[in-house]
Amino acid sequence: RLARRPSERPNTGTPRMASCGCCGGSNEDEAKNEFKRGSANDLSEGPIRNRSCTDVFCIPIFIAAQVVFILVTIAGMQDGDPSKLYKPRDYRGAYCGVEENWNDGPNTASMHKLSYTMNVTSMVDEIMKQTLCSSYAAELLTQGDDALLNATQVDKYLCDCCLRPCAACEGALDNGGDLTNSDLSSVISSRMAELTDPSQAGNLFSPSGANGDKFSSNAFWEQATKYFNQVCLPTCEVDANATAGLRSYTYTPSPDSAFSDYWDKLLSMPSSPARAAMISTLDSVFTFEALPLSQCPYDESLCVPFPGLKLSELSSGSNYCTFEMAAEVVSAVGDAAATAFSSLGLDSISGAATESFGKWVGDFQETIDTFLLVSVLSFCTGLVFLVLLRFFIGACVWVSVFITVLMFVFGGFFVFVLSGQCEGAGIFDSGKQTAVAIVVAGQSGVVDAVSGEDVPSEDMTGDGVDYLGRQQYSKFGRKCLTWETQAVFPDYRAGSYDVLSPAASTKNYCRNPYHADDVNKANTIWCITSDPDVPWEECIPIGVIQPECARGYAVSNKTARDALYYSSFVIWGLGLIWLIVILCMVNRIRLAIALNKVAAVYVASNPTTLLIPVVQAILGITWCVLWFYAASFLLSQVPDAYIPKGAYRSYAEAYGIDSPCAFWETGDHCAGTPGACTDNWPTGGVWRDSNCDESDGVTKCWRCSPPRYIFDARFAASFFVFLWNNAFNVALGQILIAMCVGLWFFTLDKKQAFVVKRGISTVMRYHIGTVAFGSFIVAVVQFIRYLMQYFEKQAAAQKNRCMVILLKCLQCCIWCFEKCLKFLNKNAYIQTALLGTNFCTSAKKAFYLIFRNLARFGTMAVLGTVIRAIGIICIVSGTAVIGYFLMREMHPEVSPFVPLVLFIMVAYIIAKLYMNVFGLAVDTCLQCFLAVEEMKIGADYIPSVLRGFVDSSGKQLGDNQE
């Protein structure tokens, strides 16, 4: 039962009218009023019962938005193909298993597997250069009356082969050694045989083979993507030896290669005995066997199997192939080396083959069962945390406050240590040294003050030979041994060194004893330590916190060191101010703890409230999955003309040139150049075509590949509805919980107060329009922020660095505004729950209430943020650990990275929803407490932990009498 019966409420005038306008039924003066009995802000009997529908104009708009989403989705399903987001794609961006690919791409309808063939150009590159840049080739090309090159071409040839110093070379090419007429044929034939003859694959990966360690080094396998072509094949287990109809491919340098002209001239030159070896080698040695067209629907150059590799499915039924070394390779190089090569190659290839967005979708579809199971377990993790929270909330708050103080202390100490850190010294060692110096100085000061004895000077010059102070600890805090009794260096005695005399006064104090003619002299004072593992160690005079660094400082710039030094005192000063603020706000912190305990009591008394975030989470996850599925149809519709279909003469022209400068650098040299294939975001890819275009004497071999997805106006409409529905879901939970807590707070018998059903019915009946209105405003701000991010990506694709920075700053400002808006919205929903007013009126009332109680709201905001962060960390980390082990058991073949990211995202959403229950309960309790305090009534139904705070406010409380 509530504190008063409805009939006892004082007459407040005419009944409330339905709030159909933005700010109808309110005025600014009313919004400024405090809670008062007999006014529109009267909560003496609990939340207003005589209420009407609010912001009803937003309901048809909200419904219309859902209709637009449905229509856009239906239209997208006509042409969209979600499989394009995750289907394998070959080197040129063509999809595997598709009959018609973009820009007359290959017919891969029966080619469902993404496999690997040898990139002949990359594999043969060194052998080709060894041939064309050999002494034998240079003689034929540049010397004699029948030289194949003219003077201008000779200079270019010498530079291309780096046979002379030139701007294009950093040194001579390492191609495996020079070759002459007598050995070219045998050397090149042996090297090429390991690539063209499958029976010699074992030698290819052996350091003792003709190619040496070229293909057996880690460097080769770490760059595996360079030596493989990704192609679509009908099966992973293609056996070239057992395949009929093999094609033949003879290698020649690409037409846009600098070496293409030299190759053609040598191959087509008139035959003679002196030229026979070169012509024969170029004509016959560089020929490969390629898979038939029925097995590999590409040019012969792209269908050459990689010798020595055995391909198989990544996992049973997978459309991705993986490889391991064939038996003959294992026999030649050993099992351990073969396994290492395969591992390095797979790491390189998997890193380059991952196409972020589409691959994520594929991994999500494969692990959907684990995803659903982990989502359910995340609910359980949240429930357990909320049950336990009521028992340790006080400890959490005070520990958090203590941690913030420590952060200032250790933050200032870290900066202070950094300002005096010596070159080569670790930050922890420097910190320990500083801490020891401070402790020893403090200890000595106390001892000297108590004893009243005269204290000898701690001054010293140079290497400390004149030091006569009383430091008895090394710089890292080790106790010094007495010079006369130590046995580590027996020759260091008073009789041997004046600085150690007399022994009675020297004791175990640090000194730097040496003779003028000694070869070995310490840099500063030192002592024999009591640590047997560190027999001796340098010392620092008492009172010297940061000694001079003989070898220089870690921060070399003195101005920077000074800035760090003074910054440390600023941080400590802020910490002191923070400590004073905490001491002055102890009562408010205690109030915050009490309100959190009240919220915990509410959750314990009304556990059915926890069903609200559970239902929210289920609805949220269901909506996200449905939206993601619907959006995939829109995302996959890449227009045919989105990427140009022509060819380009260089990679730089197709891909563009990135800026070489950091974001703060400026100047003409920092300008980047957008590429023809990458000047729009999402950007396309770039690939090199073996069939180059020749036009106007220009060779063009570089082409574009389309992205997997694009964003258009239809997706923007769908995305806005996604944001609005998500914000609506969160707002609905907030106002439901606020309504339930408000009813409970003003109930006398709280143990028997079951308010969830009544709270839900009240909100659903009167305030869905307010929920839609408030969530619409949040969605608009979020949409603008994401739109700025889209424009930022577009500016980055256009290499517009200035616009990128400007848009980043705008996003930051919008993000801050969004956070403030969400805070105001939350408190407005509480006002709507308590007073039944529309959104604009509630927002005004919430603003003035916050303004009147800034300190309390500030304290609650800071501590509430910490508590919610602890809750989110606990729920998310617990879910991530559970999800990881479930992934390893249910889908060991799938990389856990993407699923774990999804688990963490879902756990974060669920954790936010759960902590919203607790946070909304705390915030609502605060507003109810402020209402009671301002109205000076209701001490009998205030929770016991809050009564002391109301009594101590100094206000005269009523006793439930008029």
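This briefing covers disulfides, salt bridges and one surface patch in the structure above. The model is predicted. A search of the whole structure finds 11 disulfides, and the count of salt bridges comes to 21.

**Disulfides**

- C96 and C232 are joined by a disulfide with an S to S distance of 1.9 Å. This pair links distant parts of the chain, 136 residues apart: C96 is in the loop between α2 and β1 (113-118), and C232 is in strand β2 (residues 228-233).
- The link of C96 and C232 is left-handed, with -80° about the S-S bond. C96 has a relative accessible area of 2% and is therefore buried; C232, at 0% relative accessibility, also counts as buried.
- The sulfur atoms of C480 and C527 lie 2.0 Å apart and form a disulfide.
- The disulfide of C480 and C527 is left-handed because the torsion about its S-S bond is about -70°. Both C480 and C527 are buried.
- C510 is bonded to C539 in a disulfide, with the sulfur atoms 2.2 Å apart. The two cysteines belong to distant parts of the chain, 29 residues apart: C510 is in the loop between α16 and β7, and C539 is in the loop between β8 (536-538) and α17 (558-584).
- The link of C510 and C539 is left-handed, with -70° about the S-S bond. C510 counts as buried at 0% relative accessibility, and C539 is buried with a relative accessible area of 3%.

**Other cysteines**

- C58 counts as buried, at 4% relative accessibility.
- C874 counts as partly exposed, at 36% relative accessibility.

- D689 and R703 form a salt bridge through their side chains, at 2.9 Å from N to O. D689 is in strand β11 (residues 685-695) and R703 in strand β12 (residues 698-705), 14 residues apart, and the pair links distant parts of the chain.
- Both D689 and R703 are buried.

**Salt bridges between helices**

- E818 and R785 meet in a side-chain salt bridge of 2.8 Å, N to O. The pair links distant parts of the chain, with E818 in helix α24 (residues 801-835) and R785 in helix α23 (residues 768-797), 33 residues apart.
- E818 has a relative accessible area of 3% and is buried; R785 is buried as well, with a relative accessible area of 16%.
- R856 forms a salt bridge with E933, and the closest N and O atoms are 2.5 Å apart. R856 in helix α26 (residues 854-890) and E933 in helix α27 (residues 897-935) are 77 residues apart, and this pair too links distant parts of the chain.
- E933 is buried, with a relative accessible area of 5%.

**Salt-bridge network**

- A network of salt bridges links R478, D531 and E537.

**Surface patch**

- On the surface, I59, I63, V67 and L71 form a nonpolar patch; together these residues have about 330 Å² of accessible area.
- L71, one of the patch residues, lies in helix α2 (residues 58-79). L71 counts as exposed because its relative accessibility is 54%, and the cut-off for exposed is over 50%.

Key. Residues are numbered from 1 along each chain as its sequence is written. This is a predicted model: local features need pLDDT of at least 70, side-chain atom pairs count only at pLDDT 80 or more; totals for chains, interfaces and linings use all residues. Side-chain values use heavy atoms; hydrogens and water are left out. Patches are made of residues with over 30% relative accessible area and no salt bridge: like charges are joined within 9 Å, nonpolar side chains (Val, Leu, Ile, Met, Phe, Trp, Tyr) within 5 Å. Accessible areas come from the Shrake-Rupley method with a 1.4 Å probe; for residues, only the protein chains shown count as cover. A salt bridge is a side-chain nitrogen of Lys or Arg within 4 Å of a carboxyl oxygen of Asp or Glu. Helices (H or I, at least four residues) and strands (E, at least two) are DSSP runs, numbered from the N terminus. Buried means under 20% relative accessible area, exposed over 50%, partly exposed in between (1.4 Å probe, protein chains only). A disulfide is a pair of cysteine sulfur atoms within 2.5 Å.
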